[in-house]
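Here's a quick briefing to read alongside the model. Have a look at the fold first, then go through the notes by topic.

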Amino acid sequence: MVSRSKSSQRWLKEHFSDPYVKKAQAEGMRSRAAYKLEELLERDRLLKPHMLVVDLGAAPGGWSQQVRRQMGDTGRVFALDILEMPALAGVDFLHGDFREEAVLSQFEAMVGDQPVDLVLSDMAPNKSGMDAVDQPRMMHLAELAMDFADNHLKTGGAFLIKLFQGVGFDDYVREMRRRYDKVSIRKPDASRKRSPEVYALGQGKRAVMK
């Protein structure tokens, strides 16, 4: 058997001693990422009863699960992903690529006339370990999420997205400032310290871009 590389051994050791991994297992949450979202939602009081929330790149479902848990029986949660995701009670899952017209049409039919209050994106590319490859891929996904929010989020709504700090990050945040009244950068406790990930939150979507 080929011995595991030091970095993957370190990851496994970190993963299994990670308090958020243990908490997720104990509480039946689908991923430790649910606790990043929990902190972000609570800090900025993003959820209110009866909201319509869209979770882009939702699989395995930790974020949708957290939103549904916090909103109780009210509101609607839509999860979209090109990967399959096991069903979650109270979550409408749409399997497909939201860049495709057919998938978007299906989403719009499911939502009907109800305005979208909050768009979430925890999307990230499969990492190659090379910043020159990973960062452009990440920024491409971030652009897609911003386009989705531009087209579907109601005026006054909020957009929360995971980003990697690096090339293109500052420009992206600048673009968010044109679209939202308030933009904040957050690093939740559940984010691993050495990870380049941060979360950008746009609140108060403007009717017209600056």
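Which residues does UniProt list for "binding site" in its unreviewed entry? The entry gives Gly61, Trp63, Asp81, Asp97 and Asp122; the positions follow the numbering used here, feature names are shortened, and annotations may be inferred rather than shown by experiment. Keep in mind that this is a predicted model, where local features need pLDDT of at least 70, side-chain atom pairs count only at pLDDT 80 or more, and totals for chains, interfaces and linings use all residues. Residues are numbered from 1 along each chain as its sequence is written, and side-chain values use heavy atoms, with hydrogens and water left out.

**One of the listed residues: Asp81**
- Asp81 sits in strand 2; helices (H or I, at least four residues) and strands (E, at least two) are DSSP runs, numbered from the N terminus.
- Asp81 is buried, at 9% relative accessible area (buried is under 20%, exposed over 50%, partly exposed in between, with a 1.4 Å probe and protein chains only).
- Setting aside residues up to four places away in sequence, Asp81 touches Gly57, Ala58, Ala59, Phe93, Leu94, His95 and Gly96 (contact means heavy atoms within 4.5 Å).

- Helix 5 spans residues 101–111, and its Val103, Leu104, Phe107 and Val111 are buried.
- Those four are on the same side of helix 5 because they cover an arc of only 100 degrees around the axis, taken from the directions from the helix axis to the C-beta atoms.
- Over on the other side, Glu101, Ala102 and Ala109 are exposed.
- The cover over the buried residues of helix 5 includes strand 1 (52–56), strand 2 (76–81), strand 3 (91–95), strand 4 (116–121) and helix 6 (131–152).

**Helix 6 against helix 7**
- Helix 6 and helix 7 (residues 169–179) pack at about 5 degrees, with axes 11 Å apart; axes are lines fitted to C-alpha atoms, for helices over the stretch in contact, and angles run from 0 to 180 degrees between N-to-C directions.
- That makes helix 6 and helix 7 roughly parallel to each other (angles under 35 degrees).
- Helix 6 brings Met139, Ala142, Glu143, Met146 and Asp150 to the contact, while helix 7 brings Phe169, Tyr172, Glu175, Met176 and Arg179.

**Gln70**
- Gln70 lies in helix 4 (residues 62–71) and is partly exposed, with a relative accessible area of 31%.
- Beyond its neighbours within four places in sequence, Gln70 contacts Glu38, Leu41, Glu42 and Leu47.

Methods. Parallel < 35°, antiparallel > 145°, perpendicular 65-115°, else oblique.
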